[in-house]
Amino acid sequence: MTETGQTAPDFTLPRDGGGDVTLSALRPKAVVLYFYPRDDTPGCTKEAIAFTEEAAAFEAAGAVVVGISKDSVASHDKFVKKHSLGVILASDEESDVCEKYGVWVEKNMYGKKYMGVERATFLIDGSGTVREVWRKVKVPGHADAVLEAVKAL
């Protein structure tokens, strides 16, 4: 489980639009790394749109936004196109990165237990240190709260 003050686990994952995204290659920018359960579901769509609407402000503050789910790159490409998303979406189909960050967790819906991605966000500074962690994120207002934390770095 990755916590505040730790060095963020590095990764290279395939991303929307082709190619890969490597966390350490984004330095010296800060990185807003958000994990979400599934492309094109109501909460995940609202979250991706909120981060997209603030993308220019994150860029101006020296940060890049990267979303990660277990969805395939093809799914990400459809999701980006359908909602005109402006953030990087990385595919962690094997859950390796989700496990390193401690967001691959047991969930419970209607009494049925299953494994899934916990909605969580990590703010990583330009040197690769986790500066803030939000777990069990509620979407309304979240992108704005993260933006304020980026500006405070």
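I began with Tyr-110, which is exposed, with a relative accessible area of 81%. Exposed means over 50% relative accessible area, by a 1.4 Å probe with protein chains only. The model is predicted: local features need pLDDT of at least 70, side-chain atom pairs count only at pLDDT 80 or more, and totals for chains, interfaces and linings use all residues. Residues are numbered from 1 along each chain as its sequence is written, and side-chain values use heavy atoms, without hydrogens or water.

I placed Tyr-110 next. Tyr-110 sits in the loop between β6 (104–109) and β7 (112–117). Strands are DSSP runs of E, at least two residues; helices are runs of H or I, at least four.

I looked for a patch. Met-109, Tyr-110 and Tyr-114 make a nonpolar surface patch of about 400 Å². Such patch residues have over 30% relative accessible area and no salt bridge, with nonpolar side chains joined within 5 Å. A salt bridge puts a Lys or Arg side-chain nitrogen within 4 Å of an Asp or Glu carboxyl oxygen.

I turned to the sheet. Five strands form an open, mixed sheet in the order β5-β4-β3-β8-β9. β5 (88–91) and β9 (130–134) are at the edges with a single partner strand each, so one side of each has no neighbour in the sheet. Pairing takes at least two DSSP bridges. β4 (residues 63–69) and β5 run parallel, joined by four bridges. Val-66 has Ile-88 in β5 as its bridge partner.

Last, I checked a helix. Helix α3 (residues 73–83) lies across β4 and β5, at about 160 degrees to β5. Contact means heavy atoms within 4.5 Å. Angles run from 0 to 180 degrees between N-to-C directions, with axes fitted to C-alpha atoms, for helices over the stretch in contact.

Definitions and conventions:
Patches are made of residues with over 30% relative accessible area and no salt bridge: like charges are joined within 9 Å, nonpolar side chains (Val, Leu, Ile, Met, Phe, Trp, Tyr) within 5 Å. Accessible areas come from the Shrake-Rupley method with a 1.4 Å probe; for residues, only the protein chains shown count as cover. Buried means under 20% relative accessible area, exposed over 50%, partly exposed in between (1.4 Å probe, protein chains only).
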